[in-house]
Every structure is written in C-alpha cells, then in structure tokens.
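Morning, everyone. I'll walk you through one structure today, piece by piece.

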Amino acid sequence: MSAKQHLIAPSILAADFAKLYDDIQMVNNSEADWFHIDIMDGVFVPNISFGFPVMQAIAKHAKKPLDVHLMIVDPDRYLKACKDNGAAVITVHYEACTHLHRTLAAIKELGCKAGVALNPHTPVSLLKDVIQDIDLVCLMSVNPGFGGQKFIERTYSKIKELRALALQEGTDLIIEIDGGVGTGNAGKLLAAGADVLVAGSFVFNSVNPLQTVKELKEVDPTIQLV
C-alpha cells in the first residue's frame with residue numbers, strides 16, 4: 001500500500017481540442033496535480049495524437065507540471081524537445097528503447113524525472129537491472145493508443161509485483177497507472193501501491209470535471225484488496 005498522498009494526472013488526450021484553453025484552465029483550477037500529455041506517432045501505437053506545437057501551447061498556460069508520455073519509436077530523438085516544451089517528467093516505453101539505460105540517463109541530464117512505461121504484456125521483472133535509474137514507472141492498464149478502453153484486471157497484481165521489486169532494490173519509485181481509471185477502481189489501485197492515477201475520458205467526459213477530479217483526489221487509499 002502506498003503511504004503517500006496520491007496524485008491525479010488528467011490526460012489531455014481526452015480534452016476537447018476545440019476548447020483546449022478552457023480544459024487547460026479546468027485542470028489548473030482543479031485538485032489535479034499534473035497534466036498528462038500523450039504523444040503518439042501512429043507507428044508504436046495505432047493512433048496519432050499531437051506534437052510539440054500543441055504541447056508548447058499547453059505549457060504556456062499550464063500551472064502544473066507536464067507529465068509527458070512518449071508512445072513513439074526512437075524517443076531519444078525528441079527528449080530535448082520535450083524538455084524545451086515544458087516537460088517535467090518524460091516517460092518512454094520499455095518496448096521502444098533499444099538502450100534503455102542510456103535513454104534514462106539522457107532524460108536525467110536534461111533535468112527531468114525519468115519514467116518507463118510498460119505495456120500490459122510486459123513483465124515488471126524486466127526493469128530489475130535499471131530500476132535504480134528510474135523515477136517513475138507507468139503501468140499501462142489498457143493497450144496504448146486509444147482512450148476509453150476497458151481496464152485490465154491483471155494490473156492490480158502487477159502493481160504489487162512492481163512495488164515489491166522496488167522495495168527489494170531499495171528504491172522509492174513512483175508508480176503511475178494509465179488506462180481505464182475511475183472512482184470505481186481508484187481505491188484498489190492505491191491499495192495495491194499506485195501513486196499517480198491518470199484519468200482521461202473519465203474526467204473530461206464527465207458532467208462536472210472539476211468535481212470528478214476532486215472525487216478521484218479524495219479516494220480513500222486505505223481500501224484493502226479482497
């Protein structure tokens with residue numbers, strides 16, 4: 001179980017891009033902690049989201065840190081661009097990095113927190129040899145590429161496995177969950193050991209996004225798994 005106050009990171013991918021400024025202000029005025037920024041290339045995942053001009057526009061108005069999730073091949077080419085466009089956290093996919101240790105070092109040299117994302121089929125044990133170099137692990141609880149997917153139940157045990165590995169290796173890394181997160185499963189995710197909840201459609205498609213973020217922030221992290 002995580003003893004920290006959990007963080008909420010609304011995923012801008014689910015915002016209404018016709019009124020993006022309004023949705024940015026909503027996040028600014030909410031109890032959310034981070035902006036989650038998904039950059040997709042249509043190659044690593046079967047979708048294209050947005051690039052650095054949009055990210056720069058978000059950064060211009062955002063009053064909270066940008067948590068940038070690169071769902072792209074060869075992410076090393078764009079690390080500096082992420083930093084230059086406001087990223088506080090840069091997360092790359094384990095599956096997309098040939099030399100992950102080098103990529104993590106490059107992110108840290110830029111002054112950003114270094115994150116690694118794992119697809120649902122990728123075991124957390126593969127991080128053992130680099131876990132000391134990771135600040136955040138993003139566990140995908142859906143297959144990456146599209147919002148609104150059904151949550152994968154295996155995620156709960158995967159969180160516990162990752163937390164146990166981190167404790168074994170003596171590192172207090174941040175565990176982030178991305179995909180299918182809502183108030184119905186947030187308590188169980190936090191009880192399993194999660195620290196950051198990414199929520200896209202659940203927030204932006206709700207009747208009252210401010211209230212929805214507040215409810216996610218107030219979820220009781222002491223709920224035990226059955």
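One definition before we start: buried means under 20% relative accessible area. By that cut-off Tyr156 is buried, because its relative accessible area is 12%. Keep in mind that this is a predicted model.

Let's stay with the aromatics. How many aromatic pairs does a search of the whole structure find? Three. I'll show you two of them.

Start with Phe52 and Tyr78. Their ring centres are 6.1 Å apart, the planes make an angle of 35°, and the pair is tilted. Where do the two residues sit? Phe52 is in helix H2, residues 52-61, while Tyr78 is in the loop between strand S3 (66-71) and helix H3 (79-84), so the pair ties together parts that are 26 residues apart in sequence. Phe52 is buried, at 18% relative accessible area. Tyr78, at 29%, counts as partly exposed.

Now the pair that Tyr156 belongs to. Its partner is Phe151. Here the ring centres are 5.2 Å apart and the planes are at 50°, so this pair is tilted. Phe151 is buried, with a relative accessible area of 9%. Tyr156, as I said, is buried at 12%.

Helix H5 covers residues 155-168, and helix H6 covers 183-192. Their axes come within 8 Å and cross at roughly 25°. That makes H5 roughly parallel to H6, because angles under 35 degrees count that way. The crossing is right-handed. Which residues meet? From H5 we have Thr155, Tyr156, Ile159 and Lys160. From H6 we have Asn185, Lys188, Leu189 and Ala192. So Tyr156 has a ring partner in Phe151 and a place in the H5 and H6 contact.

H1 is residues 20-29. The axes of H1 and H2 come within 10 Å and cross at roughly 45°. Roughly parallel or oblique? Oblique. This crossing is right-handed. On the H1 side, the contact residues are Leu20, Tyr21, Ile24, Gln25 and Asn28. On the H2 side, they are Val54, Ile58 and His61.

How much of H1 is covered? Mostly: seven of its 10 residues are buried. Those are Leu20, Asp23, Ile24, Gln25, Met26, Val27 and Asn28. What do they pack against? Strand S1, strand S2 (35-40), H2, helix H7 (201-204) and helix H8 (209-217).

Now some single residues. First, His6. His6 is in the segment before strand S1, which is residues 7-10. His6 is buried, at 2% relative accessibility. The side chain of His6 reaches the backbone oxygen of Leu216 at 2.9 Å. Setting aside residues up to four places away in sequence, His6 touches Asp33, Leu190, Asp195, Leu197, Leu216, Lys217 and Val219.

Leu79 is next. Leu79 lies in helix H3. It is buried, at 3% relative accessible area. Neighbours within four places in sequence aside, Leu79 contacts Leu70, Ile90, Val92, Thr103, Ala106, Ile107 and Leu110.

Then Leu127. Leu127 sits in the loop between strand S5 (113-118) and strand S6 (136-140). Buried or exposed? Buried, at 0% relative accessibility. Its contacts, leaving out neighbours within four places in sequence, are Tyr94, Leu100, Val116, Leu118, Ile134, Val137 and Leu162. From Leu127 to Gln56 is 31 Å, C-alpha to C-alpha, and 71 residues in sequence.

Last one: Asp74. Most residues other than glycine have a negative phi. Asp74 has a positive value, near 50°. Asp74 is in the loop between S3 and H3. At 36% relative accessibility, Asp74 counts as partly exposed. Tyr78 is in that loop too, and Tyr78 is also partly exposed, at 29%.

To recap: the search finds three aromatic pairs. H5 is roughly parallel to H6, and H1 is oblique to H2. His6, Leu79 and Leu127 are buried. Asp74 has the positive phi.

Terms used. Residues are numbered from 1 along each chain as its sequence is written. This is a predicted model: local features need pLDDT of at least 70, side-chain atom pairs count only at pLDDT 80 or more; totals for chains, interfaces and linings use all residues. Side-chain values use heavy atoms; hydrogens and water are left out. Rings of Phe, Tyr and Trp (its six-membered ring) pair if their centres lie within 6.5 Å; planes under 30 degrees apart count as stacked, over 60 as edge-to-face and the rest as tilted. Helices (H or I, at least four residues) and strands (E, at least two) are DSSP runs, numbered from the N terminus. Buried means under 20% relative accessible area, exposed over 50%, partly exposed in between (1.4 Å probe, protein chains only). A polar contact is a pair of N or O atoms within 3.5 Å; within protein, one must be able to donate a hydrogen and the other to accept it, and residues adjacent in sequence count only if both atoms are side-chain atoms. Contact means heavy atoms within 4.5 Å. Axes are lines fitted to C-alpha atoms, for helices over the stretch in contact, and angles run from 0 to 180 degrees between N-to-C directions. Angles under 35 degrees count as roughly parallel, over 145 as roughly antiparallel, 65 to 115 as roughly perpendicular and the rest as oblique. A crossing is left-handed if the near helix is turned anticlockwise from the far one by less than a right angle, and right-handed if clockwise.
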